[in-house]
Amino acid sequence: MEDKFEALIEGLLEHQFGLANAFISPELTAALRQQLVYLYESGAMKPAGIGQHFTYAKNLKIRGDMIYWLEKENSAAEKAFLEQIEAFIDYLNRTCYAGINAFEFHFARYETGSFYKRHLDQFKSDQGRKFSLVTYLNEDWSASDSGQLLLFSGEKPVEIYPTGGSAVFFKSDEVEHEVKPAIRPRLSIAGWLKRI
Ligand code: OGA
Ligand code: MN
């Protein structure tokens, strides 16, 4: 477990983002994907918002994902995932004195062709979000499916494909990023480690 945590933290310290190829196990990836599909099919997932000043039509020009917030009580898979997040936060606080004391994570489904334009994850009105952590739930993703996450951390953007089980970690107020459209639905859990 600590190896994955180290990979995320070392990458962030060295070049502004960390990547862990097997952040969650194949079994947990499958269970979370199944839960996301169940939520989607039962109509529980809702279009993500951007801010109170935006209408739904304006939102769609910026981001097209449907989301649902995770709760430990909702399924064994969500409980296992959030417990792993708590272990990561403990590690981060112990090794980097990060002072994280809250977190929030949502499932996300990007329909074929939908995207999230270049943005930062920290809102001006809410500086609680310190670190972003996105975990992918897709089965057999290949480069021809598109749907890359672009990270604008260096001279040219880094492209990350949303391979099931992998996770990417970066500072919410520093790294601008963008989700490119894919040719199939794109499934993930996006979340934030907070200091409030
Ligand atoms: C987000 C986000 C990235 C991704 O939800 O804020 O940028 O790869 N997600 O899904
Ligand atoms: Mn984002």
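**Aromatic contacts in the predicted model**

Nine aromatic pairs are counted, a pair being two rings of Phe, Tyr or Trp (its six-membered ring) with centres within 6.5 Å; planes under 30 degrees apart are stacked, over 60 edge-to-face and the rest tilted. This is a predicted model, in which local features need pLDDT of at least 70 and side-chain atom pairs count only at pLDDT 80 or more, while totals for chains, interfaces and linings use all residues. Residues are numbered from 1 along each chain as its sequence is written, chains are lettered from A and ligands numbered from 1 in the order in which they are written, and side-chain values use heavy atoms, without hydrogens and water.

**Pair F5–Y91**
- The rings of F5 and Y91 form a tilted pair, with 5.8 Å centre to centre and 50° between the planes.
- F5 belongs to helix α1 (residues 2-15) and Y91 to helix α4 (residues 76-96), so the pair ties together parts 86 residues apart in sequence; helices are DSSP runs of H or I with at least four residues, strands runs of E with at least two, numbered from the N terminus.
- F5 and Y91 are both buried, that is, under 20% relative accessible area, with exposed over 50% and partly exposed in between (1.4 Å probe, protein chains only).
- One aromatic cluster is formed by F5, F23, F88, Y91, F131 and F169.

**Pair W69–W192**
- W69 and W192 also form a tilted pair, at 6.4 Å centre to centre and 55° between the planes.
- This pair links W69 in strand β3 (residues 65-69) with W192 in strand β11 (residues 186-194), 123 residues apart.
- W69 is partly exposed at 38% relative accessible area, whereas W192 is buried at 6%.
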